[in-house]
Amino acid sequence: MIYYSHYSSPIGPISLAANEKGLCGLWFDGQKYFKGAIRNEQIEDCALDGFNAPKALKDAAAWLDIYFSGGIPNFTPVLDLQGSDFRKKVWNILLSIPYGKTITYGEIARRIASEAGFARMSAQAVGGAVGHNPISIIVPCHRVLGSDGSLTGYAGGTRRKEWLLKNEKIEWNKVCR
């Protein structure tokens, strides 16, 4: 069973999904790869303040409240990241990026290659995994930039990526200069 709810953010409506293990989805409504792999699951709509809302949804909403008010959340909701082993490695690196900091796709590729004992790893493969991140914002894919400091793509749209970086006081256009 997937429990599904909505959150109103300053940059557009967000859909949240959780299962018995934790938060498994957080997307801007209509974004690329919206809802990912949960389309075939049984879904139950619930209000965030409703009796049937699981703790993971309530925690995600509390985290977003802090984040969108300009604060730095000091907790992470329980997550259930669903994807291939490669994608999970990339997403775990995303989770390690500190608030207010950025990393490039190439840096992530070099880290994964080094850990696996490979000479190199494709930054494009990393980009695919970043783009399929099922839990936007909390798993901070918006903190990943191109090698020249450019915004490159973002499944929620580059306008939102820019807003999220500015919210964290990141001057993205000066990061790699």
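This is a short walk through one protein chain, from its overall build to a few single residues.

A caution before anything else: the model is predicted.

Let's start with the whole chain. The protein chain has five helices and six strands. Read from the N terminus, the order is β-β-β-β-α-α-β-α-α-β-α. The radius of gyration is 16 Å, close to the 16 Å that the globule rule gives for 177 residues, so the chain is as compact as a globular protein of that length. Along the principal axes, the C-alpha trace spans about 50 × 35 × 30 Å.

How much of the chain is buried? Of the 177 residues, 47% count as buried. The accessible surface comes to about 8,800 Å². Carbon and sulfur atoms hold 50% of that surface. Now the contacts. Take those between residues at least 6 apart in sequence: 56% of them join residues at least 24 apart.

Strand β2 covers residues 12-18, and it pairs with β3 in the antiparallel sense. The pairing runs over five bridges. Within it, S15 stands opposite W27 of β3. Four residues lie between the two strands. Look at G22 in this hairpin: its phi is positive, near 160°. And β3 itself, residues 23-28? That strand is mostly covered, with six of its six residues buried.

On to helix α4, residues 123-131. Which of its residues are buried? They are V126, A129 and V130. These cover an arc of only 100° around the axis, which puts them on the same side of α4. What do they pack against? Their partners are α2 (85-95), α3 (105-116) and β6 (144-145). Now look at the start of the helix. There, a side-chain oxygen of S122 comes to within 3.1 Å of the backbone nitrogen of Q124.

Helix α2 gives us our next residue, K88. Is K88 buried or partly exposed? Its relative accessibility is 31%, so K88 counts as partly exposed. Set aside residues up to four places away in sequence, and K88 touches L81, Q82 and G83. For a distance across the fold, take P140. K88 and P140 are 52 residues apart in sequence. Their C-alpha atoms are 13 Å apart in space.

Last stop: E168. This residue sits in the segment after α5, the helix of residues 158-167. Why does E168 count as buried? Its relative accessible area is 3%, and buried means under 20%.

So who surrounds E168? Leaving aside neighbours within four places in sequence, E168 is in contact with Y67, Y99, G100, H142 and R143. Two of these names come back when we look at polar atoms. With Y67, the E168 side chain makes a side-chain to side-chain polar contact of 2.8 Å. With G100, the E168 side chain reaches the backbone nitrogen, at 3.0 Å.

One more distance here. E168 and G70 are 98 residues apart along the chain. Their C-alpha atoms are separated by 7.5 Å.

To recap the stops. Strand β3 has six of six residues buried. Helix α4 places V126, A129 and V130 on the same side. K88 is partly exposed. E168 is buried, and its side chain has polar partners in Y67 and the backbone of G100.

Key:
Residues are numbered from 1 along each chain as its sequence is written. This is a predicted model: local features need pLDDT of at least 70, side-chain atom pairs count only at pLDDT 80 or more; totals for chains, interfaces and linings use all residues. Side-chain values use heavy atoms; hydrogens and water are left out. Buried means under 20% relative accessible area, exposed over 50%, partly exposed in between (1.4 Å probe, protein chains only). The arc is that of the directions from the helix axis to the C-beta atoms. Contact means heavy atoms within 4.5 Å. A polar contact is a pair of N or O atoms within 3.5 Å; within protein, one must be able to donate a hydrogen and the other to accept it, and residues adjacent in sequence count only if both atoms are side-chain atoms. The radius of gyration is taken over C-alpha atoms; the globule rule is 2.2 Å times the number of residues to the power 0.38. Accessible areas come from the Shrake-Rupley method with a 1.4 Å probe; for residues, only the protein chains shown count as cover. Two strands pair if DSSP finds at least two bridges between them.
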